[in-house]
Amino acid sequence: MEVSDFIMKIVFYGSGNMANAIFTGIVNSKSIEPENIYLTNKSNQEALESYHEALGVSYSYDDEELLKDADYVFLSTKPYDFLKLAERIKPFITSDNKFISIMAGLPISYIRDNLQVDNPIARIMPNTNAHVGHSVTGISFSTNFDPNSKQEVLTLIEAFGTALEVKEDHLHQVTAITGSGPAFLYHVFEQYVNAGTKLGIEQSQVEESIKELIIGTGKMIERSDLKMDQLRKNITSKGGTTQAGLNALSNHDIEAIFLDCLNAAVKRSIELAEADED
Ligand SMILES: NC(=O)c1ccc[n+]([C@@H]2O[C@H](COP(=O)([O-])OP(=O)(O)OC[C@H]3O[C@@H](n4cnc5c(N)ncnc54)[C@H](OP(=O)(O)O)[C@@H]3O)[C@@H](O)[C@H]2O)c1
């Protein structure tokens, strides 16, 4: 299904970092006419004007105009701004509006209770790789989302990466693995650069070559049908240099290190969700 099969109106309540990655991805995918994408925010009109100039999207602060005939309404403020946002939009919600929340940690039931409507609500957990069209986006739908609309939302999400439908409870795990995932990988790459620099080559040269190494390895993973363990085995000759390095790595329990990291992120995601609900 192509989103362009539908004439759709999409509204973003909150046009900050993450929303920008999403609506830019949707505009670039050419799946929807840019003027059918409406932006609003709290007060930064300059930002909205610059998105209008750069992308051709519409913007407004008139909530009645924004929500009238809107098919999908992204809730893209910080979680702590949601209650004010709910107060702002409640009087103007129509039965056409289906909500897509990008706010980390806020359950569908909490959003519904505060919007005081029974409209369909989806929760998504994107990551910043949306900026380059490669977000892995976890998604959960309320039970009253019809199959056709679900498919439309999945197609919208695929404009900035891939979608992974999970039970709502599992969004905590998605938050850890892929939501925070880019930061964990950046950290690992930083350590790799630091270690490489200790071998005596100039830092800038090490940084440049490891950057290229990461991009190239990512492309190999993308383009090959082989699983990662097979790609590794293919370049590991018995008794060779790669084997020697891997032997040294296997003296450390890297899986346990990552399990610690992911468990800490899941725990924090649950704590934050519980705090928001109080
Ligand atoms: N950044 C990430 O990696 C990431 C990943 C996954 C999910 N998220 C989620 O994405 C959400 C947004 O994060 P962000 O980093 O994009 O935040 P951000 O850059 O601070 O943007 C927040 C936006 O919300 C607007 N806003 C605040 N109150 C509003 C109101 N009452 N009505 C309408 N708009 C309002 C702000 O408008 P003004 O500029 O006018 O103040 C701004 O446009 C968060 O809930 C976060 O959990 C982020």
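Guide: Two residues are in contact here if their C-beta atoms, placed from the backbone, lie within 7 Å. The model is a predicted one.

Helix α8 covers residues 181-197 and helix α9 covers residues 203-223. Their axes come within 9 Å and cross at roughly 135 degrees. Angles of 65 to 115 degrees count as roughly perpendicular and those over 145 as roughly antiparallel, so α8 is oblique to α9. The crossing of the two helices, α8 and α9, is right-handed.

Now for the chain as a whole. Its secondary structure comes to 12 helices and eight strands. The C-alpha atoms fill a box of roughly 70 × 40 × 35 Å, taken along the principal axes. The chain has 278 residues, and 31% of them count as buried. Among contacts with a separation of 6 or more, 67% are between residues 24 or more positions apart.

The largest nonpolar core has 55 residues, and V11, V73, F74 and L75 are those with the most contacts inside it. Helix α1, residues 17-28, gives the largest share of this core, six residues. Leaving aside residues up to four places away in sequence, V73 touches V11, Y13, L67, N97 and F99.

E64 belongs to helix α3, residues 63-67. E64 counts as exposed because it has 11 C-beta neighbours inside 10 Å, and the cut-off for exposed is 12 or fewer. The C-alpha atoms of E64 and I93 are separated by 8.1 Å, although the two residues are 29 residues apart along the chain.

Two loop residues complete the account. K30 lies in the loop between α1 and β2, and its phi is near 55 degrees, a positive value in a residue other than glycine. K30 counts as exposed, because it has 11 C-beta neighbours inside 10 Å. Q116 is in the loop between α5 and β6. Q116 is not a glycine, yet it has a positive phi of about 55 degrees. With 9 other C-beta atoms within 10 Å, Q116 is exposed.

Conventions. Residues are numbered from 1 along each chain as its sequence is written. This is a predicted model: local features need pLDDT of at least 70, side-chain atom pairs count only at pLDDT 80 or more; totals for chains, interfaces and linings use all residues. Helices (H or I, at least four residues) and strands (E, at least two) are DSSP runs, numbered from the N terminus. A residue is buried if 20 or more other C-beta atoms lie within 10 Å of its own, exposed if 12 or fewer, and partly exposed in between; C-beta atoms are placed from the backbone. A nonpolar core is a set of buried Ala, Val, Leu, Ile, Met, Phe, Trp, Tyr and Cys residues joined through C-beta atoms within 7 Å. Axes are lines fitted to C-alpha atoms, for helices over the stretch in contact, and angles run from 0 to 180 degrees between N-to-C directions. Angles under 35 degrees count as roughly parallel, over 145 as roughly antiparallel, 65 to 115 as roughly perpendicular and the rest as oblique. A crossing is left-handed if the near helix is turned anticlockwise from the far one by less than a right angle, and right-handed if clockwise.
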